[in-house]
Amino acid sequence: MAATSRAPSTLAPASFSAAGGSRRRRRCPNPRVRVGVGVRCSLDSNVSDMAVNAPKGLFPPEPEHYRGPKLKVAIIGAGLAGMSTAVELLDQGHEVDLYESRPFIGGKVGSFVDRKGNHIEMGLHVFFGCYSNLFRLMKKVGADNNLLVKEHTHTFVNKGGTIGELDFRFPVGAPLHGIQAFLRTNQLKVYDKARNAVALALSPVVRALVDPDGALQQVRDLDDVSFSDWFLSKGGTRESITRMWDPVAYALGFIDCDNISARCMLTIFTLFATKTEASLLRMLKGSPDVYLSGPIKKYITDRGGRFHLRWGCREVLYDKSPDGETYVKGLLLSKATSREIIKADAYVAACDVPGIKRLLPSEWRQWDTFDNIYKLDGVPVVTVQLRYNGWVTELQDLEKSRQLKKAVGLDNLLYTPDADFSCFSDLALSSPADYYIEGQGSLIQAVLTPGDPYMPLPNEEIISKVQKQVLELFPSSRGLELTWSSVVKIGQSLYRESPGNDPFRPDQKTLVKNFFLSGSYTKQDYIDSMEGATLSGRRTAAYICGAGEELLALRKKLIVDDSEKARGCRVVDDDLQKGDEGGGAELDSPRSVDDVVAVLEADYQRAYFLTGNFTPDIYTEDCLFEDPTIKFRGRSRYSQNLDLLVPFFDSPSLELENIEKGLRVETKFIMATWTLRTYLRLPWRPLIVIRGNTTYDLDEEYKVTRHAESWDVSALEAIGQIFVPAPKQTDDI
């Protein structure tokens with residue numbers, strides 16, 4: 001076979017600042033507000049304990065320590081589900097790469113900074129007190145103080161500026177705090193409140209107080225009924241739906257009660273009824289880029305994970321084994337004009353609904369698991385940001401609403417039944433760290449749901465319509481000037497949780513052994529949300545760890561299969577098959593130089609010098625290992641030496657430039673050319689860069705007897721790099 005040559009890889013991981021874009025404006029981190037707390041931010045209190053008296057599927061127990069083989073995992077999509085999956089896998093010792101087609105991470109909870117320093121969000125993000133999986137993740141990555149607790153009320157703003165509330169503040173907790181909130185609310189008339197109480201009393205909410213798992217099953221069984229149909233059949237009124245439940249449904253699933261599944265709404269109601277803090281709202285201190293995605297990204301990269309931005313997956317490459325089993329053999333990725341095929345032991349598609357539909361090979365629709373995904377569709381959503389020169393939600397004091405020395409108004413998530421945006425907030429109050437700007441006023445962020453009528457409209461017309469509706473809700477804001485605005489359109493956001501769609505949600509584990517799914521639309525007991533995305537990531541990682549031995553066996557099988565194809569299916573002499581007595585999980589003995597090349601190529605993909613993840617079976621027990629600084633015998637000692645060195649490597653990469661086979665007298669050998677690049681985990685973080693060659697001498701049984709490295713620098717120069725602090729890091733990580 002001709003020598004295999006590889007050009008230097010163009011697939012470089014992208015750098016991403018955990019601190020977000022540059023701040024060009026002076027900001028006040030703690031503006032004074034009239035309503036709201038804005039100072040409580042710890043996740044050590046006022047959080048629902050979902051491990052007690054709650055459905056077991058909503059908060060899985062901590063995973064056991066993984067003791068299986070280390071796997072290389074490729075994740076398509078760096079949204080919350082993809083990053084949740086990555087964190088779990090890295091904690092279990094796996095190698096993870098995330099590929100994101102956008103120039104920023106976060107997916108539906110992503111944000112970015114425009115050229116003028118404004119933070120642009122994909123939507124409005126609110127954290128319920130029952131988001132236990134997301135809170136667990138935030139604690140783990142050091143973001144547990146990045147949320148601001150709001151007053152324990154759900155506030156409805158009606159046309160003309162009248163305020164209705166579900167006020168959960170009460171000396172006694174669940175369920176009494178919720179009962180009194182619904183009985184005392186001024187958002188509904190007495191008759192509607194009474195009928196509302198009857199409907200909820202006849203719901204699975206009551207059973208949830210004593211049998212949460214049984215109640216959740218009842219809720220699941222109501223998936224094929226709309227919330228309106230269920231609610232009206234139990235005695236609820238249309239007025240209750242219009243004035244209260246429609247805004248809540250729009251906020252949860254972006255569709256109204258006539259079109260949303262009863263399962264979706266009742267899942268939330270059961271948690272509100274049984275967990276005192278479930279209905280308590282939190283919002284980020286500032287933009288998701290800085291306070292959510294940023295800390296998660298840092299946690300991932302600190303543990304060796306890599307982000308590759310602007311790399312989109314164009315094709316899933318797959319094949320079938322002789323026994324008919326389908327497996328993924330690689331991903332075709334592209335960035336601008338560059339294309340690369342990447343390989344891994346496990347592949348995770350952490351996409352949204354339209355993304356996974358584009359990604360899946362059409363032939364896979366023969367299986368219901370994948371075909372059912374095409375029965376799901378996403379809801380269009382338009383997010384609008386409006387900046388004013390005063391305080392829009394200040395309803396009581398006109399003079400205060402016109403001054404710009406301190407922030408005033410309603411500091412919470414706000415619902416409304418009287419506008420096309422069902423929920424909104426003044427981010428200058430609720431998320432002040434990035435959105436309060438000294439000398440400026442409110443930053444209203446409104447979510448237009450459903451977004452269908454607005455999608456074809458030009459941004460100027462959308463802004464005009466929203467501005468008009470803001471003035472109708474807050475007449476006192478007339479006279480304030482709009483100083484800046486933005487519009488973000490998402491053609492398909494959350495999947496449409498309409499009646500009968502839950503059975504179409506796929507499990508994270510698929511019929512393709514090394515291909516997994518992650519995303520809030522996948523099968524999990526919560527709704528499509530940030531919490532659902534995080535929970536799905538935990539489930540995906542658990543499936544991968546549970547299949548570790550199978551995935552290792554598949555990896556080794558593919559290496560052998562590839563070498564068989566490379567040989568052109570030629571007949572192998574019997575004497576080359578001697579010693580093939582390996583069993584269990586061990587790799588079959590190599591039967592040709594091509595076999596060894598295939599194994600080495602796979603080991604280089606795993607950067608075996610720097611990760612310790614190599615295939616020992618291709619080496620003899622007393623193999624000679626040497627480089628310019630050391631020389632010794634024994635593959636066990638080599639493995640031990642790698643285990644000692646690996647913890648010191650930070651952001652390592654090993655790029656295979658060329659690999660070829662040769663013959664020297666009667667000795668077969670393989671020569672690989674490579675470039676090693678890694679930081680060391682020392683206080684001054686030195687950067688080690690070495691280009692070199694490794695020669696692998698083979699015996700008659702195609703086992704490596706000598707592993708000899710030569711470098712393009714002397715041993716002294718290589719050691720000298722350890723004592724030189726690395727330059728400021730500006731390149732990709």
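**How we can tell: strands, helices and burial**

Modeller: In this predicted model, strand β2 (residues 72-76) and strand β3 (residues 95-100) run parallel, and five bridges join them.

Biologist: What makes β2 and β3 a pair?

Modeller: Two strands pair if there are at least two bridges between them. β2 and β3 have five, so they pass that test. You can look at one spot yourself: alanine 74 stands opposite aspartate 97 in β3.

Biologist: Which order do the strands of the open sheet have?

Modeller: The order is β11-β3-β2-β15-β21, five strands with parallel pairing.

Biologist: Why are β11 and β21 called edge strands?

Modeller: Each of them, β11 (306-309) and β21 (515-517), pairs on one side only. On average, neighbouring strands of this sheet are turned by 20 degrees against each other, ignoring direction.

Biologist: And which strands does helix α1 lie across?

Modeller: Helix α1 (residues 80-91) lies across β2, β3, β11 and β15 (346-349). α1 runs at about 170 degrees to β3.

Biologist: Let's pick a single residue. Why does histidine 119 count as buried?

Modeller: Buried means under 20% relative accessible area. Histidine 119 has 4%, so it counts as buried. You'll find it in strand β5 (residues 119-121).

Biologist: How do you know that the buried residues of α21 line one face of the helix?

Modeller: In α21 (residues 635-645) the buried residues are Arg635, Tyr638 and Leu642. Looking down the axis of α21, they fall within an arc of 55 degrees, so they line one face. They pack against α20 (608-611), β22 (619-627), β23 (630-633) and β27 (704-711).

Biologist: In which sense does β27 pair with β22, and in which with β26?

Modeller: β22 and β27 pair in the parallel sense over four bridges, and glutamate 626 has alanine 708 of β27 as its bridge partner. β26 (residues 687-698) pairs with β27 in the antiparallel sense over seven bridges. These two form a hairpin with five residues between them, and in its turn tyrosine 702 has a positive phi of about 60 degrees.

Technical notes: Residues numbered from 1 in each chain as written. Predicted model: local features only at pLDDT ≥ 70, side-chain atom pairs only at ≥ 80, totals over all residues. Heavy atoms only, no water. Buried < 20%, exposed > 50% of the residue type's maximum accessible area, 1.4 Å probe, protein only. Arc of directions from axis to C-beta. Contact = heavy atoms within 4.5 Å. Axes fitted to C-alpha atoms, helices over the stretch in contact; angles between N-to-C directions.
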